[in-house]
Amino acid sequence: MKMNRLEVLSKAEIETLHGESLKILEGTGVKIFDPDALKMLSHNGLDVDFENNIVKFPESFVKEALKSCPKSFTALNWDKEKGVEIGGDTIYIVSGFYASYVLKDGERIPATTEDVANFAKISDCLKNIDAVGVEVLPQDVPAHVSELYACDAMLNNTVKHLFFSPNTRFSAKGLVEIIKVVAEEEDLLKTQIVTFQSSPTSPLTWESDSIGVLTESSKAGIACNVLPEPMAGATSPITLAAVLLVHNAEFLSGLVISQLVRKGVPIIYGYAPTIFDMREASPIIASPETIALRVAHAQMARFYGLPVHCIAPDSDAQCHDEQMAWEKLITFFAALNSGANILINCGMFSTGLIASYEQLVMDDEMLGFLLRVIEGIDVNAETLAADLIEKVGPRGHFLNQMHTLKHIRTEYWLPELSNRARYDNWLRTGGKDISTKSKEKALRYLKEHKPPELEPEKRKKIKEIIEKFEKMKG
Amino acid sequence: MEKEYAGILQKLSKAVEEFDADRAKEAAIEAINAGLDPLRAIDEGLAKGIRIIGNLFENKEAFLPELIMAGEAMKAGTQVLMEEIRRRGLSIKKLGTVLIGTVHGDLHDIGKNIVISMLESAGFEVIDLGVDVPAEAFVKKVKEVQPDVLGMSALLTTTAPGQEKVIELLKEYGLRHKVKVIIGGAATSERWANEIGADAYAADAIEAVRKIKTLLGVKEG
């Protein structure tokens with residue numbers, strides 16, 4: 001069987017969290033800084049305090065939203081050739097996400113549009129990466145349209161499904177226009193070639209732009225990852241149970257809003273668990289507590305039957321060292337084996353500030369390793385091979401058996417970069433460490449890979465959209 | 001005629017490449033019936049297949065069991081062709097003779113047997129002394145059969161010194177300059193080979209064949 005999923009919450013604890021979340025939504029309510037959204041919510045029968053921007057959500061609305069939100073949706077590559085049903089047991093790996101710097105030869109350099117293109121191109125080559133998120137936000141273009149430039153760079157370097165977390169409603173509108181051109185559709189509900197993400201501000205607040213992104217996304221029919229990010233001790237009480245509670249209440253508010261904007265639009269139960277380091281005064285995403293939170297979070301999502309997102313693999317380290325390796329591995333393993341469907345952050349570290357080409361390649365390799373781990377062990381007549389054991393007998397060997405050949409490519413994971421050569425052979429082939437080998441592989445991809453290109457007609461239209469938005473203020 | 005031969009040679013090679021001993025035998029019989037020179041059938045057919053798999057193995061594109069099973073397919077085809085060679089009274093030119101064994105105290109023989117299979121496929125005559133071979137037995141046999149190459153395997157660090165002992169004994173008996181010595185096995189390395197005065201070290205079966213060819217000045221086929 002497959003490896004058992006990780007669990008840290010009992011059924012009773014999950015139900016308690018759900019019940020307490022409903023009480024917060026109905027009692028305390030959520031602050032929303034957007035007059036249009038408040039009007040819309042009031043119009044739909046919710047209790048809105050316009051003076052204090054507070055909206056209270058009765059249980060009936062949560063129930064209704066959970067009913068109308070789909071349990072799964074199909075994420076398509078933008079050429080619409082390949083689709084993956086997101087939900088249930090699916091694992092969907094996304095590179096990204098929104099780092100500011102690129103680590104090059106040990107130096108932290110502000111990211112450029114060329115970096116966005118390069119990361120997309122490498123992601124296009126990596127077989128375990130299913131979708132491409134904005135790996136770095138380009139700093140060499142006007143800030144209000146940087147995501148539009150990033151989108152254009154990505155579309156020209158990968159055919160995979162795209163992921164954005166629009167910073168503003170303005171940016172979301174621009175992206176939606178571009179995506180409509182690519183998809184050749186006015187309504188994107190049936191053609192999910194992109195996923196959006198929007199985060200409330202913890203505790204219990206939706207800023208105007210966040211609600212704007214969620215609204216634009218839902219109107220356009222685009223699946224949205226609703227991603228609360230409460231920081232233990234800072235924007236939620238310090239205890240982990242309270243972090244989950246604040247997170248869940250915020251998520252449910254986003255879910256209700258999205259379903260009122262458009263019934264049936266796919267919403268993903270997202271989570272970026274962080275604690276707050278009180279010595280450094282900074283958020284931390286790969287602490288042991290966040291491992292437990294990742295697992296608990298997926299259990300909550302499964303309780304609601306919604307597609308689950310989780311950030312992974314992550315690290316708070318600043319260079320390619322041992323800390324990075326163990327933090328990446330444990331966050332990845334926890335997220336994968338908790339049952340998360342969508343895992344974002346391949347290629348990134350430094351608590352989300354830096355990305356590197358080699359890390360993206362290493363994360364792909366690590367993922368191959370871990371996917372085999374959770375695959376578990378198949379036990380049946382063929383895999384037990386009792387007949388063969390009898391046939392070969394004591395003191396024989398199995399190197400010359402058809403059974404060995406038959407399973408050689410499927411029973412074991414084959415590393416592409418990890419060293420398995422004996423010392424002499426390793427030395428003879430250069431004696432390189434894994435990050436050096438990964439970097440070489442990344443540079444080879446950049447040199448050799450020819451990704452499919454957008455039609456010139458579409459490229460032209462996208463250029464016009466970017467120009468139009470650039471002229472606006474944002 | 002030549003076209004038919006080319007087809008048969010292709011079948012022989014393919015049977016080895018696809019690890020199919022039965023098809024290798026069938027193709028060998030077909031070769032004989034068609035009047036194809038059995039020596040050519042080995043060299044341009046079966047051995048070609050093993051060279052292809054050997055290259056893939058070296059490039060990490062084929063696995064050890066594939067190499068072994070290709071060797072077994074080649075052996076099955078070769079047996080049929082060898083009978084024909086003997087029947088016709090032809091002689092087959094060997095690339096050289098290799099005496100091989102696992103050193104004293106070491107009972108591991110899978111690796112050694114793979115090396116034997118690859119050497120035979122490449123056209124060497126191999127004399128196998130088996131496992132747990134005392135140093136004196138190696139030396140006695142070297143004196144007796146005068147092989148071109150002596151190959152010694154050791155899997156354990158505790159038994160690897162046995163390789164050194166054999167080399168010392170060869171010197172003592174004045175035989176060291178008469179035979180090339182190659183070592184292998186998990187406990188050994190290039191450095192160890194230099195330390196004990198072996199002529200070569202090989203990390204795997206394919207490399208063993210290549211190094212032995214180099215030691216004997218045989219051109220790569």
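Both faces of β11(A) are covered in this predicted model: A:V194, A:F196 and A:S198 on one side, and A:T195 and A:Q197 on the other, are all buried (a residue is buried if 20 or more other C-beta atoms, placed from the backbone, lie within 10 Å of its own). The strand spans residues 194-198 of chain A, and 5 of its 5 residues are buried. Strands here are DSSP runs of E with at least two residues, and helices are runs of H or I with at least four, numbered from the N terminus.

On to the neighbours of β11(A). Strand β10 (residues 161-163) of chain A runs parallel to β11(A), and 2 bridges join them; strands pair if DSSP finds at least two bridges between them. In this pairing, A:F163 stands opposite A:T195. Strand β13 (residues 223-226) of chain A also runs parallel to β11(A), with 4 bridges, and here A:F196 stands opposite A:C224.

Zooming out, chain A has 17 helices and 21 strands. Its radius of gyration, taken over C-alpha atoms, is 23 Å, close to the 23 Å that the globule rule (2.2 Å times the number of residues to the power 0.38) gives for 474 residues, so chain A is as compact as a globular protein of that length. Buried residues make up 49% of those 474 residues.

Residues are numbered from 1 along each chain as its sequence is written, while chains are lettered from A and ligands numbered from 1 in the order in which they are written. As the model is predicted, local features need pLDDT of at least 70 and side-chain atom pairs count only at pLDDT 80 or more, whereas totals for chains, interfaces and linings use all residues.

Notes. Buried ≥ 20, exposed ≤ 12 C-beta atoms within 10 Å, placed from the backbone.
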